[in-house]
Amino acid sequence: MRREVHRHLGKVVAGAAIAVAGTAAMLAVTLPGSAGASGNGNGNGAASGSPARAGAAGDAAAVPPGVVEAPPAAGKEGVGSDPLTEDETARVVKIASNPQALARTENVEGDKGPEELSVTLAEPEESELDSTSAPRRADVTYYDYKDDALVTRTVNLDTGKVESTGTQHGVQPPLSHDETVEAAQLLIADPLGAGLRADFKDATGKALTSPDQLKLDSMVYRAAPGAQPAALDKCGEHRCVRLFPKVKNGPWIDSRDLIIDLSVRKVGKLH
């Protein structure tokens with residue numbers, strides 16, 4: 001099961017740019033030159049059949065054209081502690097998302113079915129640690145907004161069956177993309193989002209109406225005694241979000257004092 005990651009974010013500075021440096025890999029292909037085909041470096045043409053022309057033609061013929069080979073196809077099944085392949089991931093999600101088992105759950109939008117959070121390779125059982133033939137298993141985690149519970153279903157990749165289902169309350173793993181977007185949508189539409197809307201208008205000259213207009217970071221918020229209004233006291237038991245919105249190609253907007261409770265779909269402001 002994935003453990004909750006607590007992120008520490010420093011002071012937000014409006015207008016700061018975040019650059020990600022990458023390393024590019026380049027493939028050099030040497031192609032035969034044209035020198036000597038119709039003349040030499042002095043501009044004098046070579047006679048047909050001359051040694052110079054024949055040599056150039058021979059050199060050109062000896063150099064094969066550059067060929068870029070396609071990467072090898074990814075295997076459909078991993079081995080041992082290999083990361084889950086795309087095929088394995090799709091398979092375990094289908095197995096774990098049995099409609100009958102999850103029929104009474106709700107996702108972040110209140111629709112039927114839980115909110116999928118992650119699919120990870122499960123640790124082997126203690127009795128299997130020294131075994132070379134231990135089955136591969138995957139943990140599929142969901143958040144059920146109807147019951148405010150983290151649901152983990154463990155699927156055995158060898159048998160294709162769900163071996164166990166665990167339910168936990170008060171456990172808040174990192175947020176999914178859909179949860180972050182939904183939190184932003186609620187904040188934009190809420191009266192407490194007036195400052196966010198005004199800052200966006202100042203930065204762009206346009207009205208903020210959709211999360212698509214922002215670049216969003218988020219983190220789970222847990223209640224701290226005496227540090228918030230009573231409306232946010234259940235954060236931690238409820239699924240609560242602190243957003244860090246940024247104008248696309250523009251400044252960050254400070255909304256750290258606004259907390260979105262996705263479980264009850266309300267926005268609160270910290271004291």
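1. Let me open with a term: a residue is called buried under 20% relative accessible area, exposed over 50%, and partly exposed in between, using a 1.4 Å probe and protein chains only. Because Cys235 has 5% relative accessibility, this cysteine counts as buried. Cys240, at 0% relative accessibility, counts as buried too.

2. A word on the source: this is a predicted model, in which local features need pLDDT of at least 70 and side-chain atom pairs count only at pLDDT 80 or more, while totals for chains, interfaces and linings use all residues. Residues are numbered from 1 along each chain as its sequence is written, and side-chain values use heavy atoms, with hydrogens and water left out.

3. Back to the cysteines: Cys235 and Cys240 form a disulfide, with 2.2 Å between their sulfur atoms. The cut-off here is a pair of cysteine sulfur atoms within 2.5 Å, and the count by this rule is one disulfide. The torsion about the S-S bond of Cys235 and Cys240 is about -80°, so the disulfide is left-handed.

4. Four strands make up an open sheet, ordered 1-2-3-4 with antiparallel pairing. Its edge strands, each pairing on one side only, are strand 1 (115-121) and strand 4 (161-168). Strands here are DSSP runs (E, at least two residues), numbered from the N terminus, and two of them pair if DSSP finds at least two bridges between them.
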